[in-house]
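Welcome, and thanks for taking a look at this one with us.

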Amino acid sequence: MDDAVSVSYYGHGVDELALEDELITRLVSSLDSDNIEVRKQAAMEIRLLAKNKMENRIRIATAGAIKPLISIISSNDQQLQEFGVTAILNLSLCDGNREEIISSGAIKPLVCALKIGTSIARENAACALLRLSQVEEAKIAIGRSGAIPPLVNLLECGSIRGKKDACTALFSLCSANENKSIAVQSGIMKPLVELMADLGSSMVDKSAFVVNLLSALPEARAALVDEGGIPVLVEIVEVGTHRQKEIVTEILLRLCQDSVNHRSMVAREGAVPPLVALSQHGTRRAKLKAEALIEILRQTRSSKSAARYIYNS
């Protein structure tokens with residue numbers, strides 16, 4: 001082999017890989033600098049290196065970046081904190097890094113950034129917690145670290161991107177029953193109902209999926225009704241997309257199965273005609289849910305008619 005020919009390894013020259021490894025090592029060392037500007041520069045460059053390349057995420061973690069980056073997330077300097085959060089988010093996109101990020105103590109600093117960071121730090125902390133929640137054992141730990149109330153706040157008050165990030169993170173976390181209760185106690189139903197009511201937005205599906213997940217709890221169903229959810233759900237059955245109609249019919253069915261009062265409220269909102277239409281033209285699953293709900297509503301109406309007949313006899 002000619003010495004002038006570069007030896008290739010995964011599409012990179014050996015010299016190029018060695019230079020990149022040297023750069024990563026230097027940047028990781030700079031994360032511990034006493035000079036805050038040096039730390040900012042290092043965190044920013046690590047963030048960028050980890051943004052798109054999976055191999056870089058692995059190499060940066062292997063070089064020992066995770067613990068000093070977590071330390072940076074706890075900084076009082078908001079820009080430094082933001083760079084640290086974003087770097088940890090980018091590293092968490094690699095499945096193999098998540099357990100190390102969790103075991104290195106990232107959850108509490110990320111929750112802190114979610115509460116008091118810049119808007120970008122808050123959004124990226126929500127994304128990072130979503131990624132970490134994909135480790136099943138971490139869901140409860142994240143919930144117990146206080147992540148759910150600030151996620152609900154971001155869902156209610158954040159930017160469009162922030163709302164989407166918070167909604168997706170809450171959906172993941174609330175697959176654990178303990179977190180469902182925390183979410184309901186944190187007032188999650190109010191922003192979810194408001195988001196479902198905005199039929200022109202991109203949040204209807206996401207928020208409806210979270211409501212459906214939470215509606216397994218009696219207290220969640222009560223909160224949904226208290227926040228005016230029934231008229232919103234019925235409107236979606238009338239004018240929503242096929243997928244939206246299917247998911248909200250499932251929610252309405254759950255609301256009505258164990259509550260005569262909820263059945264009366266759903267019927268008064270005029271749910272039966274759009275449900276009949278859905279039972280004829282919806283997806284197979286939507287048809288089954290619509291038919292079951294129609295039967296429950298009709299039984300309630302028949303019982304009321306019989307009761308009035310007996311009373312008037």
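Helices here are DSSP runs (H or I, at least four residues), and strands are E runs of at least two, both numbered from the N terminus. Just after α18, G270 takes a positive phi of about 80°. This is a predicted model, where local features need pLDDT of at least 70 and side-chain atom pairs count only at pLDDT 80 or more, while totals for chains, interfaces and linings use all residues. Residues are numbered from 1 along each chain as its sequence is written, and side-chain values use heavy atoms, leaving out hydrogens and water.

**Helix α8**
- Helix α8 covers residues 119–132, and its 14 residues reach 20 Å from first C-alpha to last, close to the expected 20 Å (1.5 Å times one less than the number of residues).
- Because 11 of its 14 residues are buried, α8 is largely enclosed by the rest of the structure (buried is under 20% relative accessible area, exposed over 50%, partly exposed in between, with a 1.4 Å probe and protein chains only).
- Among the buried residues of α8 are R122, E123, N124 and C127.
- The cover over these buried residues includes α5, α6, α7, α9, α10 and α11.

**α10 with α13**
- Helix α10 (148–157) packs against α13 (residues 189–197) at about 30°, with axes 9 Å apart (axes are lines fitted to C-alpha atoms, for helices over the stretch in contact, and angles run from 0 to 180 degrees between N-to-C directions).
- The two helices, α10 and α13, are therefore roughly parallel (under 35 degrees; over 145 is roughly antiparallel, 65 to 115 roughly perpendicular, the rest oblique).
- V152, L155 and E156 of α10 make the contact with K190, P191, L192 and L195 of α13 (contact means heavy atoms within 4.5 Å).
- By class, this contact of α10 with α13 has 5 nonpolar, no polar and 2 charged residues (Ala, Val, Leu, Ile, Met, Phe, Trp, Tyr, Cys and Pro are nonpolar, Asp, Glu, Lys and Arg charged, and the others, Gly among them, polar).

**α14 with α17**
- The axes of α14 (residues 204–214) and α17 (residues 242–257) come within 10 Å and cross at roughly 25°, so α14 and α17 are roughly parallel too.
- The α14–α17 contact divides into 7 nonpolar, 2 polar and 4 charged residues.

- V28 sits in helix α1 (residues 14–30) and is buried, at 8% relative accessible area.
- Not counting residues up to four places away in sequence, V28 touches I46, A63, G64 and A65.
- In α18 (residues 260–268), H262, R263, S264 and V266 are buried.
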